[in-house]
Amino acid sequence: MMKRELKEAARYDKASIDRDIREGFRRGHRWHNRFHLEMPYGFLSAPTGLCWWKGEYHIFANWNPFGCESDEKCWIHTSTRDFISYSLPEMALWPDAAEDSNGCGYGCACTEDGHMRIVYTGATGGSLSPVQRFGTWLKAEKKIRRDEIAINTIPDGFGDIFRGPHIFKRNGTRYMILGTNGADKDGCAVIYREENSLSGEDLLYEAQEESSEVSYEGDSLPFSSSGKKWTFLGRIQTRYDGKPMGYIWENPSLLHFGSYDVLAFCPKGLEPQTYAWQNLYQSGYMTGKISFSSMKFLGGEFQEFDKGFDFYAPQIFEHAGRHFMIGWMCMPDRPKDYPTIENGWMGNFTMPRELVLRQGHIYSKPSEEMKSLRIAGSEQEIHKRDIVHDDWPLAEGAEALLNIRMGNAESIEVSVRYGIERLTFRFDRRTQVMEIDRSEMKNGGRGVRRFMLSADDRLNLRLFVDHSAVEAFLQYGEEAASLLVFPEKYILPELALDAHAPIAEITGTIWKLDGMKLRA
């Protein structure tokens with residue numbers, strides 16, 4: 001089992017931990033994934049900062065190098081230009097300051113005066129503190145320098161949970177949204193506005209950033225809270241005020257899609273419904289419009305980003321007109337679902353997804369860059385009619401795109417099979433219900449997820465199958481599902497189709513997929 005054990009004096013030695021990370025990636029286990037970001041050991045938690053800066057996508061994440069518990073959180077960093085080749089992850093921030101002595105919590109990354117800036121919640125004394133702190137990414141040193149504390153109190157009328165800062169902009173002004181709970185322990189989000197926030201240089205930089213490569217130097221530029229006061233605007237009022245919507249909202253963000261706002265957050269404490277909210281904790285969004293004058297968000301109902309078993313705490317950012325999302329493939333407080341703990345690691349990320357808003361609903365698909373994983377010449381073309389069963393072999397990394405014209409079939413099963421174990425996607429036309437069933441897997445979490453899916457005669461399914469991570473996109477991204485499976489034996493999977501009556505036609509393609517690359 002790969003587990004880092006150090007004497008206290010050397011506990012957060014960056015050089016030593018970075019070396020362990022590098023050596024850890026040289027060793028592998030059959031459940032380690034090929035094209036899903038993860039760490040070789042320790043507990044990889046939520047993505048904490050996604051940002052485009054100096055010609056690259058930068059990804060930060062919470063990580064505990066000392067075990068698979070949700071404490072002692074550090075930040076790691078990696079970067080990529082294409083979501084295929086990544087820099088070797090390295091430790092970027094660790095809890096050695098008074099304000100974050102028990103962990104550097106969730107946060108975000110943004111640009112300011114040509115620099116990449118970080119803001120995060122500190123944890124002290126076994127619980128999260130009200131301290132929201134900024135830092136600056138030092139490219140040469142490959143670490144985050146702590147800078148000013150922006151917020152160090154909790155406003156009256158709110159509970160003791162106050163965390164997950166996310167920076168967004170409207171009309172040249174920066175705002176910060178945080179997740180919290182009200183005095184009645186009801187989940188909600190609040191907003192702060194930065195006064196005297198953006199300089200003309202910063203606005204010019206952002207305009208240039210979208211169109212060309214911009215080079216900035218001077219990591220030593222000092223930042224100060226002087227002249228950058230954060231004013232509390234209040235709680236965001238939504239259609240759920242006064243109604244049960246969980247006891248805490250985590251990791252909120254406020255996004256802009258054209259003329260519409262999207263309020264994204266992760267509510268804990270929702271009661272499961274027949275076809276929704278079936279995980280322990282949920283991740284989703286509401287679409288509409290926000291008024292900063294009234295602090296009202298007028299919009300639709302809460303919708304989930306993902307209907308799989310293992311999806312939480314996604315982070316979303318925009319670059320060059322594209323909205324990207326990376327989610328955490330893990331469910332907090334369910335350690336028994338993840339047998340990798342026995343081998344010293346837990347948690348991985350989804351592939352990067354692109355989001356589009358259509359008629360109040362977010363559609364998602366793997367980013368276009370993921371097509372570069374397809375191995376040339378590996379295509380299996382599928383075109384068959386009037387069949388009730390067929391199967392196709394899959395490589396250890398595979399993508400399958402299936403278009404099914406159901407004909408007389410009222411129910412269809414598409415299964416990923418590992419010998420006698422299998423993961424099944426089961427669709428019933430009569431009820432318009434999609435069911436994801438992993439009860440026939442021997443290791444890890446099992447169970448069934450059910451949700452409504454509109455598909456009268458044609459069913460579209462796009463599957464990505466990694467060593468343990470599986471992602472599904474249904475009806476061209478109308479719904480998505482992320483989940484983990486841990487086959488008992490090392491065996492190449494196969495894809496199987498079964499129908500209760502002959503289907504009219506199935507067409508599609510199966511590709512072998514390469515793995516992502518790590519560079520020093």
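Modeller: Glu72 sits in the loop between S2 and strand S3 (74-80). This is a predicted model, and that goes for every value below. The backbone of Glu72 stands out: its phi is near 50°, a positive value in a residue other than glycine. Phe83 lies between S3 and strand S4 (85-87). Its phi is near 60°, again positive and again not in a glycine. Is Phe83 buried or exposed? Its relative accessibility is 4%, which is under the 20% cut-off, so Phe83 counts as buried.

S2 spans residues 56-64 and is one of the strands that the buried residues of helix H1 pack against. The others are strand S5 (90-93) and strand S9 (143-151). H1 itself covers residues 14-24. Which of its residues are buried? They are Lys14, Ser16, Ile17, Asp18, Asp20, Ile21 and Gly24. As background, an α-helix has 3.6 residues a turn, so residues three or four places apart point the same way.

Next comes the nonpolar interior. In soluble globular proteins, nonpolar side chains tend to be buried together. The largest nonpolar core here has 54 residues. Trp63, Trp328 and Phe349 touch the most other members. Strand S1 (residues 42-53) supplies the largest share of this core, 5 residues. What surrounds Phe349? Leaving out residues up to four places away in sequence, Phe349 touches His36, Leu37, Leu44, Ser45, Ala46 and Pro47, among others. Its list also includes Ile59, Ala61, Ile326, Gly327, Trp328 and Met329. A second, separate core has 40 residues. Phe451, Leu453, Leu483 and Leu495 are among them.

Now the sheet further along the chain. Strands of a sheet pair through backbone hydrogen bonds, either parallel or antiparallel. Here an open sheet of 4 strands has the order S10-S11-S12-S13, with antiparallel pairing. Strand S10 (158-170) and strand S13 (230-235) are the edges, each pairing on one side only. From one strand to the next, the twist averages 25°. Inside the sheet, strand S11 (residues 173-182) and strand S12 (residues 187-194) run antiparallel, with 7 bridges between them. Gly179 stands opposite Ala189 in S12.

Thr180 is in strand S11 too. It is buried, with a relative accessible area of 0%. What does Thr180 touch beyond its neighbours within four places in sequence? Its contacts are Phe158, Ile161, Phe162, Asp186, Gly187, Cys188, Val190, Ile248 and Trp249.

Strand S14 (residues 248-257) joins S15 through 8 bridges, and the two run antiparallel. Leu255 has Val262 in S15 as its bridge partner. S14 and S15 make a hairpin with 2 residues between them. Gly258 in the turn has a positive phi of about 65°. On to the next partner: 5 bridges join S15 to strand S16 (residues 284-291), again antiparallel. Phe265 stands opposite Gly284 in S16. How many residues of strand S15 (residues 260-268) are buried? The count is 8 of the 9, so S15 is largely enclosed by the rest of the structure.

Finally, the whole. The secondary structure comes to 2 helices and 35 strands. The radius of gyration is 23 Å, close to the 24 Å that the globule rule gives for 520 residues, so the protein is as compact as a globular protein of that length. Its C-alpha atoms fill a box of roughly 70 × 50 × 45 Å along the principal axes. Of the 520 residues, 61% count as buried. The accessible surface comes to about 20500 Å², and 47% of it belongs to carbon and sulfur atoms. Among contacts with a separation of 6 or more, 62% link residues 24 or more positions apart.

How values were computed. Residues are numbered from 1 along each chain as its sequence is written. This is a predicted model: local features need pLDDT of at least 70, side-chain atom pairs count only at pLDDT 80 or more; totals for chains, interfaces and linings use all residues. Side-chain values use heavy atoms; hydrogens and water are left out. Two strands pair if DSSP finds at least two bridges between them. Axes are lines fitted to C-alpha atoms, for helices over the stretch in contact, and angles run from 0 to 180 degrees between N-to-C directions. The radius of gyration is taken over C-alpha atoms; the globule rule is 2.2 Å times the number of residues to the power 0.38. Buried means under 20% relative accessible area, exposed over 50%, partly exposed in between (1.4 Å probe, protein chains only). Contact means heavy atoms within 4.5 Å. Accessible areas come from the Shrake-Rupley method with a 1.4 Å probe; for residues, only the protein chains shown count as cover. A nonpolar core is a set of buried Ala, Val, Leu, Ile, Met, Phe, Trp, Tyr and Cys residues joined through side-chain atoms within 4.5 Å.
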